[in-house]
Structures are given as C-alpha cells and as structure tokens.
Amino acid sequence: MTLLSLPTASVTPQKRPLRIAIIAHSLYPIAEPYAGGLEMITHLLCDKLVAAGHEVLLYAHADSQTEATLVPLLSRQEFEAMVYPNEHESVAMGREEMYQYLTYQHALRDIIERDERGEIDVVHNHSLHHIPMMMGQVFGKRFFTTFHTPIFPQLRLALLTLQLGTDTQFTSISTYQQKLFAEFVPSKVVYNGIDVDSFDAQLTPIDDEVYLWYGRICPEKGTHLAMQYCLAAGKRLIIAGPKSNAQYFEQSVAPLLLQDKQQGSDLLDYVGHKTKAEINRYLSQATAMLFTSTWDEPYGLILAESLACGTPVIGFDVGACAEIVTSETGIVVAKEDKAAFIKAFDSIKNISRAACRARAKLFCADTTMVDGYLDLYYQTLTPEQQSLSTAQKPSAAMTKRLPSMPPPQATPSLDTLPQHAEG
C-alpha cells in the first residue's frame with residue numbers, strides 16, 4: 001500500500017531580538033518636557049524597541065531619560081579638558097562647532113569598538129550632524145540615518161560626498177521630505193508615530209464652538225495668522241505654547257491680544273506653555289485645531305496629536321500636512337489663503353471626530369513607526385542571522401559613560417594641531 005505524504009506546514013523562524021545603537025543629537029536631553037518633536041520621537045522609538053525585547057544603546061545628553069541603556073555623550077566639562085583654550089581658532093572652527101564635531105567622533109569611536117566585538121547589529125542615526133553620517137560608512141547597509149529636518153548646512157556637508165556613492169541607508173519621515181532629499185540620496189519613508197492610546201479623545205460633536213492653536217510661538221509657525229483669521233470670523237481661539245521668539249511675540253502676537261481686549265470681543269486667550277496632558281484636554285474640547293505653519297514642515301506632530309484626540313484640522317497645504325490630514329479628517333487650504341481658511345470654519349463641524357481618531361490609529365500610531373524601522377533593520381541581516389536560533393554573542397557590560405580622552409599635556413605649535421577634516 002502506498003502511503004501518501006501530507007504536506008508539511010512551513011514554519012517561519014522566530015526573529016531574534018536585535019542589538020541597536022541609536023544616536024541622538026547632543027543639544028537637549030531626550031526627556032520630558034521635550035524641547036521639540038525630535039526628542040519625543042527618539043524617546044518613543046527607544047522605549048518601544050526596548051519594550052519589544054530589543055537591546056538598545058542610546059547615545060544622548062547625560063540628562064536623558066530612557067528605558068534603553070543610556071551612554072552619555074561627551075559633556076562640556078570633558079570637552080574643555082580635552083582641547084586647548086584656543087584650539088578651535090587654530091582649525092578655523094567655532095567653539096560650539098568643535099564641541100559637536102568631537103562629541104560625535106567620540107560616540108562613533110565607541111560604537112565601532114562595540115561592533116568590532118560583535119555587540120551591535122544596526123546603528124540608527126538621528127543626530128542631524130554630518131560626522132555620524134560620514135563615519136557610519138564603516139557599517140555599510142547596517143547604518144541608518146533618518147532625516148527629520150530640511151537640508152541644514154551640517155547635513156549638506158555629508159550629502160555632497162555621500163551622493164557620490166554610499167552603502168548606508170536613509171529614511172525620511174514623509175513623502176514630501178523624501179522628494180526633498182532625492183537630489184542627494186534615495187530614502188525610504190517611515191512616518192513618525194505617536195502613542196495614540198495615551199491621548200483621550202472626544203468623539204461626539206462639540207457644542208461650544210472654540211478653536212485651538214498650539215506650538216512654538218515664532219514667525220514660521222504663523223501664530224498671528226490664526227489669530228487674525230479668528231478675529232475676522234468672530235471665532236474664539238485658545239493659543240498655547242512657549243514664546244520661542246520673544247520679539248515676534250511682542251511685535252505680532254501681543255498687539256492682537258491687546259486689540260481683542262480693547263474691542264471687548266474676548267475672542268483670543270493665550271494660556272501659556274502647557275504640558276501634554278493639558279494640551280490633550282484643550283484639543284479634546286476644541287471644534288478644530290488650526291495649523292498655520294508657513295514653512296514646509298517635514299511631518300507635523302501636532303497634526304497627529306490633534307487627530308488622536310478626535311479633533312479635525314484646518315491647515316495650510318505645506319510640507320507633509322496633506323499626507324496626514326485627509327478630506328475625512330480636516331480641511332487643507334493654500335498657504336495664507338485667508339478667505340479659504342475662514343470659509344472652512346463653516347464646514348469643519350461636519351467632519352467626523354471618530355474618523356479623526358480612526359485615522360490616527362491607522363496612520364499615526366507609534367507601532368506603525370517602530371514596525372517600519374524594524375523591517376528595515378532585519379532586512380540588513382541574512383535569514384540565518386535573523387533567526388532566534390542564531391548564536392549571538394552576549395553584549396559586554398554596558399558602560400554608563402564613554403571612556404574619556406586624555407587631556408592636553410602641553411600647548412603645541414600650530415603645525416602639530418589636527419587638520420579640520422571629515423571623519
């Protein structure tokens with residue numbers, strides 16, 4: 001009798017946890033209250049990777065707070081002990097520029113040494129500086145740089161060289177930004193994400209019509225435009241955020257607040273710089289959030305946060321706004337089109353708040369962002385290297401601080417000073 005062979009079910013090997021080095025920028029701690037969106041995204045990515053079982057080293061400011069293993073970047077005190085008082089002048093650099101230059105060289109030296117011991121799988125650079133991008137060439141395709149900003153001069157320094165050829169990889173946080181950097185290098189889009197579940201949403205219509213503008217108060221955010229439009233339309237507006245540009249506040253925002261008060265209309269209310277929880281409450285009680293940025297924001301985290309609260313958006317069609325805000329979740333108008341913006345007040349109440357929350361869960365969730373990066377990380381490994389059964393060297397004990405460089409011993413002549421060179 002012939003025995004029939006039944007097909008064997010294919011089993012996908014379970015992927016092993018990764019060892020990931022993440023490089024933050026050195027200016028501000030990766031901690032709340034965040035200096036900006038970049039700090040929030042870096043913090044969220046690290047903590048979510050750790051929660052998923054991966055081993056993460058975060059190279060960041062010493063005051064950072066993270067579930068990852070923090071490796072503090074070079075401190076100002078350590079820097080001053082390393083270099084001569086006027087050494088930056090000898091190499092035609094500003095003192096701050098030299099600090100940044102050596103900070104990232106110092107960090108990359110440590111990462112390279114760990115990699116040589118077999119302790120690192122991939123490196124992910126969020127520093128906004130050219131040194132990691134150049135020194136990262138040693139890792140080939142295992143080195144990722146995420147573009148969070150326009151093409152700042154520091155980034156352009158590296159891109160002018162890397163456009164000639166590189167094996168390292170790049171990601172952008174929107175299609176708009178991907179097109180911006182395509183002149184130099186190709187990149188894959190991994191949209192930013194937020195912890196949607198941490199935002200409370202109001203999904204039923206708001207009875208009391210009131211609008212919210214929040215963010216850094218500075219010219220490029222267009223705070224005064226939202227105020228002007230609400231005054232012209234007779235709409236109440238709550239304004240929240242830090243006075244990032246004091247001169248702009250005094251010249252463009254304060255006069256409108258005074259005008260509103262003198263006219264007795266009481267439409268404008270500046271409530272100051274608020275916490276995430278406080279912003280959540282304002283958003284969930286707002287008819288809509290007003291987005292009046294006049295520069296091309298690569299993403300726009302406030303758009304995602306607004307949708308997470310179930311709050312539709314009236315915004316300018318700049319940067320990635322139209323990639324995040326759909327016709328079901330807001331009204332996007334041409335930049336500084338006052339008539340179109342004011343007209344949107346009449347129809348924004350017809351937008352479903354439940355649709356806004358659903359859009360946030362589908363498109364803006366941190367899990368989508370983390371999964372996107374993990375997919376790219378694993379693609380750098382062979383199927384055998386990805387497998388949980390693959391033997392993996394245990395990491396060495398993780399130091400809490402990078403080894404210090406020796407301080408200068410004597411004042412050298414100019415001929416003995418290092419030249420200002422890349423990498």
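Q: What makes β8 and β11 a pair?
A: Strand β8 (residues 211-214) and strand β11 (residues 288-291) run in the parallel sense and share two bridges. Two strands pair if DSSP finds at least two bridges between them, so β8 and β11, with two bridges, qualify. Along the way, Leu-212 sits opposite Met-289 in β11. A quick word on the source: this is a predicted model, where local features need pLDDT of at least 70 and side-chain atom pairs count only at pLDDT 80 or more, while totals for chains, interfaces and linings use all residues. Residues are numbered from 1 along each chain as its sequence is written, and side-chain values use heavy atoms, with hydrogens and water left out.

Q: Why are β10 and β13 said to stand at the edges?
A: The open sheet here has six strands in the order β10-β9-β8-β11-β12-β13, with parallel pairing. β10 (268-272) and β13 (330-333) each have a single partner strand, so one side of each has no neighbour in the sheet.

Q: How do you know that helix α13 packs on the sheet?
A: Helix α13 (residues 338-347) touches β8, β11, β12 and β13, and contact means heavy atoms within 4.5 Å. The direction of α13 makes about 165 degrees with that of β12; such angles run from 0 to 180 degrees between N-to-C directions, with axes fitted to C-alpha atoms.

Q: Why is α8 called oblique to α13?
A: The axes of helix α8 (residues 223-233) and α13 come within 10 Å and cross at roughly 60 degrees. Under 35 degrees would be roughly parallel, over 145 roughly antiparallel, and 65 to 115 roughly perpendicular, with the rest oblique. That is why α8 counts as oblique to α13.

Q: Does Thr-171 count as buried or exposed, and why?
A: Thr-171, in strand β6 (residues 169-172), has 1% relative accessibility. Buried means under 20% relative accessible area, exposed over 50%, and partly exposed in between (1.4 Å probe, protein chains only), so Thr-171 is buried. Its contacts include Phe-147, Val-190 and Tyr-373.

Notes: Helix = DSSP H or I, 4+ residues; strand = E, 2+ residues; numbered from the N terminus. Lists of a residue's contacts leave out its neighbours within four places in sequence.
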